[in-house]
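Visitor: Hi! Could you walk me through this one? I'm new to reading structures.

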Amino acid sequence: MSPRPTGRRTPCTVPDAKARLRDAEAFLEAAEVSKNSDVIATNAVHAAIAAADAICCVALRERSAAGNHGAAIQLLGEVDRTLAATLRRALDRKNQVAYEARDIADADAQACVRQATALIESARERVASI
């Protein structure tokens with residue numbers, strides 16, 4: 001038996017899942033129209049987080065409410081380990097793009113977009129199935 005994720009959880013409903021999916025899509029759209037690699041990556045990371053919330057809302061009827069994104073990764077891992085690994089890869093870039101002076105490489109920003117897209121596609125499928 002695996003340990004329960006650390007961090008606070010909050011209940012969420014199907015409408016909450018749909019709202020988080022809309023947020024994820026809006027963040028991804030903002031990433032796709034930007035020319036700045038930091039802005040692209042930042043929005044893609046936020047898209048990935050929102051998509052993970054939508055997935056967890058559908059599957060578990062709760063989402064992470066912890067300030068620690070590691071808890072969100074663990075919670076998503078209860079639903080799908082591959083998606084949790086995808087979220088982890090996106091979040092690995094969050095500190096660099098949000099808090100460091102050096103810009104993220106274009107290739108890394110595009111990787112964040114791909115990771116967010118994979119999570120959003122899964123969220124869309126799950127939301128459409130309910």
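Visitor: What covers the buried residues of H1?

Guide: The cover includes helix H2 (37–60) and helix H6 (106–128). Keep in mind that this is a predicted model.

Visitor: OK, and which residues of H1 are the buried ones?

Guide: They are Ala 17, Arg 20, Leu 21, Ala 24, Leu 28 and Ala 31. Looking down the axis of H1, you'd find these buried residues within an arc of 105°, so they line one face of the helix.

Visitor: Why would residues a few places apart point the same way?

Guide: An α-helix has 3.6 residues a turn, so residues three or four places apart point the same way.

Visitor: And what's on the face of H1 turned away from the buried side?

Guide: That face carries the exposed residues Pro 15, Arg 22, Glu 29 and Val 33.

Visitor: How many residues does H1 have, and how far does it reach?

Guide: H1 covers residues 14–33, which is 20 residues. From first C-alpha to last it reaches 29 Å, close to the 28 Å expected at 1.5 Å a residue.

Visitor: Let's switch to the core. How many residues are in the largest nonpolar core?

Guide: There are 40 residues in it, and those with the most contacts inside it are Leu 76, Leu 87, Leu 119 and Ile 120. H1, H2, helix H3 (69–79), helix H4 (81–91) and H6 each supply at least two residues of this core.

Visitor: Which helix gives the largest share?

Guide: H2 does, with 15 residues of the core.

Visitor: What does Leu 76 touch, leaving aside its neighbours within four places in sequence?

Guide: Leu 76 is in contact with Ala 52, Ile 55, Cys 56, Leu 83, Ala 84, Leu 87 and Leu 119.

Visitor: Left-handed or right-handed?

Guide: The torsion about the S-S bond of Cys 12 and Cys 57 is about -125°, so this disulfide is left-handed.

Visitor: Are those two cysteines buried or exposed?

Guide: Both Cys 12 and Cys 57 are buried.

Visitor: So what about Cys 56? Where is the nearest cysteine sulfur?

Guide: Cys 56 is in no disulfide, and the nearest cysteine sulfur, that of Cys 57, is 7.3 Å away. Cys 56 is buried too, with a relative accessible area of 3%.

Technical notes:
Residues are numbered from 1 along each chain as its sequence is written. This is a predicted model: local features need pLDDT of at least 70, side-chain atom pairs count only at pLDDT 80 or more; totals for chains, interfaces and linings use all residues. Side-chain values use heavy atoms; hydrogens and water are left out. Helices (H or I, at least four residues) and strands (E, at least two) are DSSP runs, numbered from the N terminus. The expected span of a helix is 1.5 Å times one less than its number of residues. Buried means under 20% relative accessible area, exposed over 50%, partly exposed in between (1.4 Å probe, protein chains only). The arc is that of the directions from the helix axis to the C-beta atoms. Contact means heavy atoms within 4.5 Å. A nonpolar core is a set of buried Ala, Val, Leu, Ile, Met, Phe, Trp, Tyr and Cys residues joined through side-chain atoms within 4.5 Å. A disulfide is a pair of cysteine sulfur atoms within 2.5 Å.
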